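This briefing sets out the overall form of a protein chain, followed by selected local features. Please consult the sequence and the structure alongside the text.

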Amino acid sequence: MKHDILKKADKAVYEAVSGEEKRQEEGLEMIASENYVSKAVLEALGTVFTNKYSEGYPGRRYYGGQEWTDVVETLALDRVKKLFGAEHANVQPHSGAQANLAGYAAILEPGDTVLGMDLSHGGHLTHGHPVTLPAKIYNFVRYKTEADGTIDYEKLEKLAKEVKPKLMLAGFSSYTRQIDYAKFAAIAKKVGAMTMMDMAHIAGLIAGKALPNPVEHFDIVTATTHKTLRGPRGGMILCREVYAKAIDKAVFPGTQGGPQMHTIAAKAVAFGEALKPDFKKYAKQTLKNAKVLEKELTKRGAAILFGGTENHMIVVDTVKSYGIAGKDAEKWLDEAGITINKNVIPDDPRGPLDPSGVRIGVPAITTRGFKETEIKVVAGWIDEAFRSSGNAKILASIRKEVKVMCKKFPIYR
């Protein structure tokens with residue numbers, strides 16, 4: 001891409017941008033939470049909407065000059081409600097974490113109990129990890145998965161009856177199976193709890209009709225707008241109409257100030273793209289690619305956690321299968337031109353900066369055009385890198401092959 005103005009104005013930043021473009025073009029992005037936005041989304045992010053303060057909501061702003069901000073935010077709201085069949089939406093959260101914080105603030109009081117998934121079993125930091133702000137405000141109790149990777153709903157119901165949560169929280173950041181939304185909501189109803197689902201990772205797969213939609217089962221549903229949804233980095237909240245005022249108030253002025261209108265414009269573009277037929281093909285192909293990756297790595301001896309994948313990612317116990325920690329596995333693949341992230345495994349005996357596993361996702365390379373044939377090749381590279389003992393020559397050889405493959409599937413044609 002050309003950045004002539006930036007190059008002239010700030011060469012140092014220009015070089016960083018150019019370097020990142022080259023890195024993305026020549027390597028495989030396989031971090032499960034990453035993806036590529038379209039040129040249209042990129043263009044929307046760089047518009048003059050970045051100049052505008054728009055505190056408030058369409059039709060009720062605190063500053064003047066809002067005729068076009070109201071148009072673009074309303075477009076985003078209408079499109080996302082249509083996409084997920086939601087009664088109400090808020091597209092102002094700057095991130096998924098902020099969306100979750102606002103969701104809590106809307107319906108909870110300090111000290112209230114929340115039942116959420118344990119981080120090492122696939123949950124997210126904002127689902128109650130002790131280092132986070134929500135954990136200092138609310139009482140989080142964490143449930144875990146079983147040895148086969150499933151959630152035992154009888155155990156979950158028993159735990160819910162014991163702790164009597166005000167909110168039952170579903171969703172994950174590194175869990176690869178499907179949640180039974182109906183069973184989860186039924187348990188919450190039995191104990192008189194409200195329900196919230198964090199669908200950040202799988203929002204695009206849901207929008208593309210490849211996975212079930214949780215919106216009809218939960219009071220509040222939060223998500224990021226990037227990841228599988230292929231939009232700009234940001235967050236959103238969907239909810240039943242009864243919670244609409246509380247959610248909007250919790251976002252602004254409760255937990256953040258002025259919305260980023262250039263990002264909201266880009267969200268509107270992404271939601272529009274997700275409503276098109278091609279997006280369904282992308283979502284289905286993502287699931288196919290993840291399953292092929294799981295099967296190919298399993299054939300090579302990889303220990304796949306949670307009993308396999310039913311979404312866009314897999315988690316591998318690299319200590320068990322290859323005798324290497326997640327930190328080394330991540331580093332070696334990085335040197336081979338494949339970007340993943342180290343990841344904790346259930347009840348990991350190692351620390352989070354050097355855990356026992358890795359998380360590998362296929363959304364970005366699926367966006368790029370990779371299908372089953374290419375995934376099989378990629379699986380071979382991953383396995384070879386893990387078995388390389390960090391040998392520089394082996395990793396450099398894989399990197400050359402990766403670069404050749406990437407040229408066949410340019411990100412921005």
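Is Lys164 buried or exposed? Lys164 is exposed, since its relative accessible area is 60%, and the cut-off for that class is over 50%. The model is a predicted one.

**Overall form**
- The chain contains 17 helices and 14 strands.
- Its radius of gyration is 21 Å, close to the 22 Å that the globule rule gives for 413 residues, so the chain is as compact as a globular protein of that length.
- Along the principal axes, the C-alpha atoms occupy a box of roughly 60 × 60 × 35 Å.
- Among contacts in the chain with a separation of 6 or more, 73% are between residues 24 or more positions apart.

**Surface and charge**
- Of the 413 residues in the chain, 55% are buried.

**Backbone geometry**
- A cis peptide bond runs from Phe252 to Pro253, with omega near 5 degrees; Pro253 belongs to helix α10, which spans residues 244-255.
- Lys164, although not a glycine, has a positive phi of about 50 degrees. This residue is located in the loop between α7 (153-163) and β7 (167-171).
- Phe306 is likewise not a glycine and has a positive phi of about 60 degrees. Its position is in the loop between α12 (277-299) and β11 (313-317).
- Lys164 is exposed, whereas Phe306 counts as buried, at 6% relative accessibility.

- Asp219 is placed in the loop between α9 (203-207) and β9 (220-224).
- With a relative accessibility of 13%, Asp219 counts as buried, the cut-off being under 20%.
- The Asp219 side chain reaches the backbone nitrogen of Thr195 at 2.9 Å.
- The side chains of Asp219 and Arg240 are joined by a polar contact of 3.0 Å.
- Apart from neighbours within four places in sequence, the residues in contact with Asp219 are Met194, Thr195, Leu238, Cys239, Arg240 and Tyr243.

Key: Residues are numbered from 1 along each chain as its sequence is written. This is a predicted model: local features need pLDDT of at least 70, side-chain atom pairs count only at pLDDT 80 or more; totals for chains, interfaces and linings use all residues. Side-chain values use heavy atoms; hydrogens and water are left out. Helices (H or I, at least four residues) and strands (E, at least two) are DSSP runs, numbered from the N terminus. The radius of gyration is taken over C-alpha atoms; the globule rule is 2.2 Å times the number of residues to the power 0.38. Buried means under 20% relative accessible area, exposed over 50%, partly exposed in between (1.4 Å probe, protein chains only). Contact means heavy atoms within 4.5 Å. A polar contact is a pair of N or O atoms within 3.5 Å; within protein, one must be able to donate a hydrogen and the other to accept it, and residues adjacent in sequence count only if both atoms are side-chain atoms.
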